[in-house]
Amino acid sequence: MAVPRQRIHLPPAAWRSAIGAVLRGNMSEGPAIAEFEQAFAAFIGVPDAVTVPSGRAGLRFLFDSLGLRPGAEVICSAFGYPIVPFLVKSLEFDLKFADCEMQTLGMDPSALDAAISERTAAVIVTHLYGIPCQIREIADIVKARGVLLIEDCAHCYGASVGDCKAGAFGDAAYFSFETSKVINTMGGGMVTVRDAALGKRVRNAGSEEPQKGIAWLLKRLLKTSFEATVTNPLVFNLGVYQALRLAPRASADGDRFASGYHGDEVSMTGKMGRYTNYQSRLGLQQMKHAAARNARRTLNAERLIGKLRDHIHFQEPAGPDVSANYMLVTALVPKLQEVAAQLLRSGVDTKHKYMRDCSGMFETGATFPNAARAEREVLHLPAHPEMSLAQIDAVASKIAAVITALGLSRQGQPNKE
Ligand SMILES: Cc1ncc(COP(=O)(O)O)c(C=O)c1O
């Protein structure tokens, strides 16, 4: 059996609760929104949390609420989700990049230290793929300079560093609840804040959004049902896998089946509109099970990484007291397209080109070698929580075989980095 790169689920009882919410007339507004916000804030360990239409909308509302003047310098990691620097630029801030480091793939604290200046107003760091970046070191640098710190926690619900959850280190954070994320409410997100007054302003910014109606609800239910169907292992093996194998080989700058970042995602289309009471119910329900699912993800990820560490470089947490959620298991492999194609042939579907070296998309005049390498080499391997340990072991053997056959194994090489 071939293994899909990822599994997308329809949130439990999504259709049934949708019908109930429409019949009761509380699809858009209702008490679950405040309940979800309070439970989320308590879980992250911050005074307030605000539901938002999407992660990117959350960042947009934060910028609307922080009062930064146009032209203020904002630093982002060069390796990340392009929507973030595009948004910074579209709001006429002065965008600057700092390179990533190769352990967590997050912003390199020493690169930030070199980049931060008198003109810096805010720093945005991303905890990529469920592994926190070196947030303690970054927070120390940022705080010493009196600069705002925003954490992109789109991937990192439930991850922590020491006693502190990702999202509780900065002045604010935003989370995404898209279908591939740890909490999936068929879109939406949450902003968490350290200052309750900022939370109030973010809430006001969001309240100006139009309410979503039944057409939106139906579209999201159908879209998510489709995603759940094609990533279901049975359906995947009955047709999707063959289609992927027959698809033309990837072009140099992106394979449309890589489910990576696509240029049209820069827009806010489909990412605005007020977060609903219905989605809040789904979110509350999933918060109850997230710890168990993250524990299973971690078990699978650590098993896969443990079996392959001698062959491949993996993204890994920065210390023993860092707890990751392993939303995606991430390896770095030279000859990415070739490895992905061979793995697909042996029944292992993978994902790549999700994050990018964003510096290449803007005229910065600077190069960021680690971000460039990460864009070239990052490959996400399947280790979803539904996979058994036997399936993980089988996938690990296939990957080891492909890496060895292509002469890319670092086993026996003196420098294992
Ligand atoms: C790292 C990162 N930041 C931000 C976002 C934007 O989240 P949303 O799609 O909810 O706007 C994403 C989406 O995948 C992401 O991966």
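**Helix packing and the ligand shell**

In this predicted model, helix 11 (residues 336–345) and helix 13 (residues 389–405) have axes that come within 10 Å of each other and cross at roughly 135°. Angles over 145 degrees count as roughly antiparallel and 65 to 115 as roughly perpendicular, so at this angle helix 11 ends up oblique to helix 13. As for the hand of the crossing, helix 11 and helix 13 meet in a right-handed one. On the helix 11 side, the contact is built from V339, Q342 and L343, and helix 13 answers with K398, I399 and V402. Sorted by class, the residues where helix 11 meets helix 13 come out as 4 nonpolar, 1 polar and 1 charged.

Another pairing brings together helix 1 (residues 14–24) and helix 10 (residues 277–308). Here the axes come within 10 Å and the crossing angle is roughly 145°. The crossing of helix 1 with helix 10 is right-handed. Helix 1 puts A14, S17, A18 and A21 into the contact, while helix 10 supplies Y278, R281 and L282. That gives the contact between helix 1 and helix 10 a make-up of 5 nonpolar, 1 polar and 1 charged residues.

Helix 3 and helix 4 also pack together, with axes 11 Å apart and an angle of about 30° between them. Since angles under 35 degrees count as roughly parallel, helix 3 is therefore roughly parallel to helix 4. Their crossing, that of helix 3 and helix 4, is right-handed. No polar residues turn up in the contact of helix 3 with helix 4, which splits into 4 nonpolar and 2 charged.

Turning to the ligand, 14 residues sit around it, and the ones that come nearest are S54, G55, R56, A154 and S176. Helix 3 (55–66) and helix 4 (83–90) are the elements that give two or more residues to this shell. By class, the shell around the ligand holds 4 nonpolar, 6 polar and 4 charged residues.

As for the fold as a whole, the protein contains 13 helices and 16 strands. Its radius of gyration is 21 Å, close to the 22 Å that the globule rule gives for 417 residues, so the protein is as compact as a globular protein of that length. The C-alpha trace of the protein spans about 55 × 55 × 40 Å along its principal axes.

Notes: Residues are numbered from 1 along each chain as its sequence is written. This is a predicted model: local features need pLDDT of at least 70, side-chain atom pairs count only at pLDDT 80 or more; totals for chains, interfaces and linings use all residues. A residue is near a molecule or strand if its C-beta atom, placed from the backbone, lies within 6 Å of it. Helices (H or I, at least four residues) and strands (E, at least two) are DSSP runs, numbered from the N terminus. Ala, Val, Leu, Ile, Met, Phe, Trp, Tyr, Cys and Pro count as nonpolar, Asp, Glu, Lys and Arg as charged, and the others, Gly among them, as polar. Axes are lines fitted to C-alpha atoms, for helices over the stretch in contact, and angles run from 0 to 180 degrees between N-to-C directions. A crossing is left-handed if the near helix is turned anticlockwise from the far one by less than a right angle, and right-handed if clockwise. The radius of gyration is taken over C-alpha atoms; the globule rule is 2.2 Å times the number of residues to the power 0.38. Two residues are in contact if their C-beta atoms, placed from the backbone, lie within 7 Å.
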